[in-house]
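Hi,

Here is the structure I promised to pass on. Have a look at it first, and then read my notes below.

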Amino acid sequence: MTTTLDQVYENKKATVIDIQGGQGIRQRLGRMGIHPGDTITMLRYGALRGPILIEVHGSQVALGRGIASKILVEEIE
Amino acid sequence: MRIALAGQPNCGKSTIFNTISGYKAITSNFPGTTVKYTKTNTLINGTTCICIDLPGTYSLTSGDPAELEARKHLLSGEVDVIINVVDASLLCRSLELTLQLLELEAPMVLCLNMMDEAQRKGIQIDIQKLSKILGIPVIPSIARTGKGLKELFNEVMSVWGEKRIGKTLKFNKDVEEIISQLDSLFNSEWPVEEKVPSRFLAVKLLENDQFFIHEINPLENIVTRVKLLQEKLEQIHGVPSDEVISSERHALTMNLFEKVSTVIHPPKRDVRNAIDHWVMHPFFGYLILAGIFYGFFNFIFGMGGYIEEPLMELFDQWIGGLEESFGKGSLTLFLSKGVLQGMAGGIAIVLPYLVPFLIGLSILEDIGYLPRVAFLMDVFMHRIGLHGKSIIPFILGYGCSVPAVMATRILEFPRHRFTVSILTTMIPCAARITIIFGLVAFLISPNAALAIFALNILVVAISGKILTTLYPEANLGLILEIPAYQLPPIRNTLKKSWYRIKEFIVIAWPILIAGSALLALMEYGGIEKYGNAVLSPLTRVLGLPVSVGTTLIFGLLRKELSLIMLTQALGTTQVLTVMSKSQIMVFTVFVTFYIPCLATIAALWKEIGKKGALLAILFTLSVAIILALATRVFLEVII
């Protein structure tokens with residue numbers, strides 16, 4: 001099922017399909033190892049719509065909700 | 001010969017650097033500890049080398065100012081050997097930078113650091129295969145314990161001797177074709193004057209790297225040719241050219257990673273994950289955060305108060321003794337009293353609070369707690385128009401404003417950096433904390449000191465809201481790596497604290513003593529009256545003794561001076577006998593907020609320009625006057 005990263009449940013995995021944004025955001029995410037095709041594990045949500053914590057390529061990254069909502073993903077069962 | 005340590009943030013470059021330099025670079029467990037380069041001269045196998053510790057950089061594509069600093073060095077053509085330090089437990093992501101560094105076609109050694117971490121995660125790396133594919137030596141290491149570093153530097157010397165350059169891995173054929181078209185244009189029509197290989201330049205231009213695009217801007221026909229080729233790439237792949245290159249590089253990296261590494265067992269159950277479950281919990285995380293900072297506060301106050309009291313008594317006795325031996329009103333008395341009071345201030349007031357504070361801060365930094373605080377605080381920082389990463393300069397600001405202002409380089413957006421730089425100067429640095437502890441907590445009550453800290457946070461938040469409304473930054477959003485917890489060797493933490501304490505002893509303390517003596521001389525000659533007279537409108541409005549005026553001027557040099565000079569100006573270390581409790585509160589509130597010290601102003605000037613520094617001065621001064629006045633009204637009229 002295609003959705004955005006901020007909608008993925010905790011402890012679920014998803015594959016990045018597309019990053020909806022300009023070169024700036026693509027580069028910022030790319031530097032953290034997030035590109036289309038990469039697998040992301042959702043670790044937790046912050047309180048009060050705070051940032052989300054994900055794991056990608058073995059490292060943990062905090063992402064603001066706004067940014068997470070620009071990452072289009074396919075959930076993995 | 002020049003060696004540069006390059007690698008992604010938090011992979012241990014500074015730790016390696018410190019093993020060869022003694023302790024020269026601050027290390028911590030958060031991305032972006034090093035925001036400007038540090039260098040050292042060292043002797044390796046009989047050759048004198050300059051070793052440069054660069055700020056961490058995730059990629060060679062334009063990034064935040066700290067990354068640009070690293071890139072500038074790497075592209076300068078003055079680096080003889082690059083040591084690419086890689087966190088072996090994050091090999092996949094790290095190789096992305098490695099491939100870009102290889103495009104620079106300079107002698108290079110790959111240092112696979114944190115091998116113990118990789119092992120724990122069950123990642124096995126075929127070192128020989130990796131070395132063969134990249135064409136450069138690959139050395140496993142554990143920098144924290146020094147393991148592998150000797151071999152590393154031996155290899156550095158040998159690649160330098162042989163001028164051995166690694167292999168540049170090639171992208172897909174169609175992409176390479178376009179790269180070589182551009183590359184050959186450089187060679188034939190426009191000779192490259194840059195000190196970088198022409199292929200690297202071609203790739204960067206296709207990647208739409210703003211720095212290089214700007215460089216070629218005057219050459220109109222290059223710009224059109226580049227644009228044409230960018231469009232061609234976009235046509236073939238259906239995505240913008242920068243994305244084409246980055247996915248190509250990513251694919252190469254993934255491919256390489258799969259070739260050289262195997263996961264031999266699932267990551268060992270890690271107690272650190274269980275800790276993080278609570279530390280980053282949406283509810284308990286905040287309780288723990290409050291608990292840690294409350295405990296921290298009590299620890300410093302407890303330690304400091306315990307040491308301050310007997311020391312102050314001792315110095316009081318000595319100062320009393322001086323009067324007897326030199327006689328009232330003599331120059332020698334004034335001078336020796338000034339010197340002794342300056343020394344007393346350093347030993348009995350500053351050190352008891354400074355030492356536990358700096359050790360505590362170092363521990364928090366080294367363990368890796370600060371990025372977690374950034375995660376927890378992000379949502380609140382958004383309320384004042386900032387994001388979570390800005391909490392790191394703020395926390396560092398409790399140590400010293402200068403590194404805090406420098407640390408704003410880890411923020412991506414200029415306006416953001418501007419606002420946070422000004423705000424960090426309002427966070428009480430160790431010197432001002434000492435004043436809060438030494439005057440308010442010690443003479444009034446610990447709770448009154450806590451109230452000042454709480455007021456401070458509130459004011460910083462409101463100021464943040466005001467500044468971000470004046471200078472809005474549309475493009476917000478947190479992207480921050482949360483590194484695994486580390487238990488640094490105690491030795492490192494202590495060394496770092498010592499490094500910072502030494503700064504106080506060597507630089508600040510002599511200034512304190514000299515300042516105190518100078519004030520005593522001014523008092524003797526009757527000059528200090530003029531300073532007091534100039535500031536008397538201010539001191540009168542705030543209801544402070546006129547004699548504290550000069551101490552406020554001295555406080556601009558070093559914040560500690562305000563406290564030490566206070567006892568000098570008042571002529572007694574028993575402040576309570578000449579100032580009321582509410583006067584002490586007003587004084588402390590004013591000193592906490594008013595104009596940053598000279599060193600901080602210099603740092604601001606450098607980071608956000610003259611106008612920014614000026615704005616910071618005016619802004620903090622008005623905030624200080626308003627707050628001190630409000631404190632006075634509140635304490636004298638209402639209570």
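What follows is a walk through what turned up, starting where the two chains meet.

First, some housekeeping. This is a predicted model, so local features need pLDDT of at least 70 and side-chain atom pairs count only at pLDDT 80 or more, while totals for chains, interfaces and linings use all residues. Residues are numbered from 1 along each chain as its sequence is written, and chains are lettered from A and ligands numbered from 1 in the order in which they are written.

**Where chain A meets chain B**

The contact draws on 29 residues of chain A and 31 residues of chain B (two residues are in contact if their C-beta atoms, placed from the backbone, lie within 7 Å). On the chain A side, the elements giving two or more residues are helix H1 (23–31), strand E5 (59–63) and helix H2 (65–68). Helices (H or I, at least four residues) and strands (E, at least two) are DSSP runs, numbered from the N terminus. H1(A) gives the most, with seven residues. By class, that side of chain A has 11 nonpolar, 13 polar and five charged residues. Here Ala, Val, Leu, Ile, Met, Phe, Trp, Tyr, Cys and Pro count as nonpolar, Asp, Glu, Lys and Arg as charged, and the others, Gly among them, as polar.

**A sheet that takes in both chains**

E5(A) is joined by four bridges to strand E9 (residues 479–482) of chain B, and the two run antiparallel. Strands pair if DSSP finds at least two bridges between them. One bridge partner in E9(B) is B:Leu480, which goes with A:Ala62.

This pairing belongs to an open sheet of seven strands in the order E1(A)-E6(A)-E2(A)-E3(A)-E4(A)-E5(A)-E9(B), with antiparallel pairing. Strand E1 (2–4) of chain A and E9 of chain B stand at the edges with a single partner strand each, so one side of each has no neighbour in the sheet. On average, neighbouring strands are turned by 40° against each other, direction ignored. Within the sheet, E2 (residues 13–19) and E3 (residues 39–45) of chain A run antiparallel and are joined by three bridges. A:Lys13 has A:Thr41 in E3(A) as its bridge partner.

**Inside chain B**

Chain B is divided into domain 1 (2–162), domain 2 (173–263) and domain 3 (288–474 + 508–638), with bounds from an automatic or database domain assignment. The C-alpha centres of domains 1 and 3 of chain B lie 39 Å apart. Nine residues of domain 1 are in contact with 13 residues of domain 3, and the domain 1 side divides into four nonpolar, three polar and two charged.

Chain B also has strands worth a look. Strand E1 (residues 2–7) of chain B runs parallel to strand E3 (residues 47–53) of chain B, with four bridges joining them. In E3(B), B:Ile52 is the bridge partner of B:Ala4. Strand E2 (residues 38–44) of chain B runs antiparallel to E3(B), joined by seven bridges. B:Thr42 stands opposite B:Cys49 in E3(B). The hairpin of E2(B) and E3(B) has two residues between the strands, and B:Asn45 there takes a positive phi near 45°.

Finally, two helices: B:Ile436, B:Phe437, B:Val440 and B:Ala441 in H19(B) meet B:Pro446, B:Ala448, B:Ala449 and B:Ile452 in H20(B). That contact has eight nonpolar, no polar and no charged residues.

Cheers

Methods
Axes are lines fitted to C-alpha atoms, for helices over the stretch in contact, and angles run from 0 to 180 degrees between N-to-C directions.
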